[in-house]
Amino acid sequence: MNKTNILEVEGLNIGYRSLQVLWDINIEVKKNTIVSIIGANGSGKSTLVKAITGIIPIMSGRIKFREKEISNLLPHERVKERLVMIPDERGLFPEMTVLENLQMGGYPIKDKAKIEEAIIWGFDLFPILKKRAHQNAGSLSGGEQQMLAMAKALVAQPQLLILDEPSSGLAPIIIDKMFQVLIDIKKKNITVLLVEQNVRRSLKISDYCYVLENGRIGMEGLSASIKDKEEIKELYLGM
Amino acid sequence: MALQYIVNGLMLGIVYSMIGVGFSLIFGIVRVLNFAYGEFFMIAAYAAFFLASVFGIPIWMVFAINFILMFAVGWVSERALIKPLRYRTDAHGEHSGVIIATFGLQVILQSLALLLFKGTHRGADNYTSGNFMVGDILISNERLFMTVVSIVVLLCILAFMKYSKVGCALRAVSQNRTAAQLSGINVNMVYGIAFGLSTALVAIAGTLLLPFYNVYPTVGVIPMGKAFSVTLIGGLGNIGGAILAGPILGVLEALASGYISTQTKDAVAFACVILVLIAFPGGLGEMLKRIRTEWKGIRR
């Protein structure tokens with residue numbers, strides 16, 4: 001495994017029962033970069049990241065994280081390895097308060113001081129969460145929930161943070177904020193793997209990009225060069 | 001006289017709360033209806049009978065032994081029976097295998113008890129005796145003892161769920177299983193603990209109610225009926241609702257057996273379940289939650 005890579009996915013095949021949805025996926029994520037996975041609805045983006053975190057099983061292939069094979073680990077064991085994901089449904093506990101949710105984010109972390117520190121960082125990033133600290137997560141607006149999801153994931157001290165459709169259902173001003181936070185996170189040496197339908201924004205923010213087409217990697221490359229490809233312009237950017 | 005019935009009903013109802021909380025715990029967290037729940041009650045009652053009446057072990061130790069022993073029994077049942085079936089679904093994608101397995105466990109445990117202990121009703125002496133008057137109301141020490149033990153156990157469970165790390169993990173799994181996994185919670189461990197805790201709760205109830213109901217191989221149908229009534233009135237998987245529903249059921253039963261006849265009390269209880277489900281399909285717990293949210297809205 002290349003030392004500069006934090007995540008390597010080799011020859012991954014994934015399916016639900018007999019229905020295969022992803023074929024021979026190969027992905028490399030370099031440390032301290034933002035890598036995006038784009039693709040149309042139903043191209044298998046969510047399935048891919050769910051398999052990387054272990055929520056759904058794989059048929060064959062290898063997943064290596066920080067030079068360690070993790071394909072056989074259970075989801076919670078992968079979180080302990082500092083592989084953290086924010087799922088598309090945000091992954092919150094609706095009947096716990098904002099503060100309790102943040103504390104649950106630190107479940108695998110032994111050092112209490114680190115949890116406290118990360119919660120304060122979360123409140124700095126999203127001041128509204130501090131105001132809502134003792135309110136149930138289920139009573140927050142969609143934007144606030146996404147902010148909480150982000151803050152909660154950061155409490156788990158991720159080395160690699162996977163985001164599944166973080167912008168879905170949010171107002172543009174909040175999407176701007178979320179993407180700004182991703183840039184801040186990168187500066188703190190957290191690698192980001194971003195799954196997005198918002199192709200324009202994710203190409204702008206990411207360093208490298210994979211394009212999923214019908215369950216296969218159709219194209220990959222530096223985001224700056226992908227942006228100029230005729231096919232991408234036509235299919236995803238509407239130009 | 002009515003007041004006397006109500007007080008008696010309230011005191012017994014707290015024990016029903018405990019039975020209901022245990023049943024709800026499994027449904028809320030593991031999403032399984034445990035049909036062998038009453039049989040765990042039966043095992044605990046037999047254990048209490050032999051420990052206390054035959055070997056003469058002090059009563060507080062009987063409770064402690066039963067709690068630990070039955071926690072282990074619950075844990076092992078989950079590991080051996082539920083876990084292997086959890087990921088198997090039938091043609092419709094339902095986990096019917098798990099429910100049928102708990103039903104099978106019920107039959108096996110009942111038959112084993114019949115084989116080992118025959119059909120004899122075994123009773124125990126009351127744990128305490130005597131009674132006292134508060135105004136016109138007669139309170140027996142035995143009932144008071146049951147009530148106090150149940151309240152203490154329930155408070156411990158609530159504190160455990162609210163403040164301990166494992167308790168938070170239990171609540172997390174019941175609210176969002178995938179999110180719990182992604183937060184680093186070992187869901188399999190949580191299932192085992194939930195099953196163990198639930199079984200330990202019904203074991204305390206089985207020990208408490210031994211002098212009340214006696215013990216015989218099919219005694220489990222009584223707590224099973226209470227568990228169903230309490231969880232349906234309170235809302236499936238809702239612990240607060242179950243705690244509230246216990247005393248309601250207890251009072252209704254006491255009034256029915258006092259004013260009509262003892263035979264009608266179960267009919268009255270189930271009629272009440274049906275009425276509650278018509279009025280509040282989610283149970284009382286759901287209604288409480290709505291009131292609380294609206295109250296918060298008004299205050300703000």
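## Salt bridges

Across all chains, the count comes to 13 salt bridges. A salt bridge here is a side-chain nitrogen of Lys or Arg within 4 Å of a carboxyl oxygen of Asp or Glu. This is a predicted model, where local features need pLDDT of at least 70, side-chain atom pairs count only at pLDDT 80 or more, and totals for chains, interfaces and linings use all residues. Side-chain values use heavy atoms, without hydrogens and water, residues are numbered from 1 along each chain as its sequence is written, and chains are lettered from A and ligands numbered from 1 in the order in which they are written.

One salt bridge joins the side chains of Lys45(A) and Glu165(A), at 3.8 Å from N to O. This pair links distant parts of the chain, 120 residues apart. Lys45(A) sits in helix α1 (residues 45–53) of chain A. Glu165(A) lies in the loop between β7 (160–164) and α7 (172–187) of chain A. Helices (H or I, at least four residues) and strands (E, at least two) are DSSP runs, numbered from the N terminus.

## Where chain A meets chain B

22 residues of chain A are in contact (heavy atoms within 4.5 Å) with 21 residues of chain B. Together the two chains bury about 2100 Å², with 55% of it on carbon and sulfur atoms. Buried area is the accessible area (1.4 Å probe) that two parts lose on being put together, summed over both. His76(A), Phe93(A) and Tyr107(A) supply 31% of the area that chain A buries against chain B, more than any other three residues.

Between chain A and chain B the count is 2 salt bridges. Arg171(B) forms one with Glu100(A), and their closest N and O atoms are 3.2 Å apart. On the side of chain A that touches chain B, α2 (75–80) and α3 (98–105) are the elements that give two or more residues. The largest share, 3 residues, comes from α2(A).

## Helix packing in chain B

Helix α5 (residues 141–163) of chain B packs against helix α6 (residues 165–175) of chain B at about 80°, with axes 5 Å apart. Axes are lines fitted to C-alpha atoms, for helices over the stretch in contact, and angles run from 0 to 180 degrees between N-to-C directions. The two helices are therefore roughly perpendicular. Angles of 65 to 115 degrees count as roughly perpendicular, under 35 as roughly parallel, over 145 as roughly antiparallel and the rest as oblique. Residues making this contact include Phe160(B) and Tyr163(B) of α5(B), and Leu170(B) and Arg171(B) of α6(B).

Helix α5(B) also meets helix α8 (residues 187–213) of chain B. Their axes come within 10 Å and cross at roughly 175°. That makes α5(B) roughly antiparallel to α8(B). Phe160(B) is one of the α5(B) residues in this contact, and Leu201(B) is one of those from α8(B).
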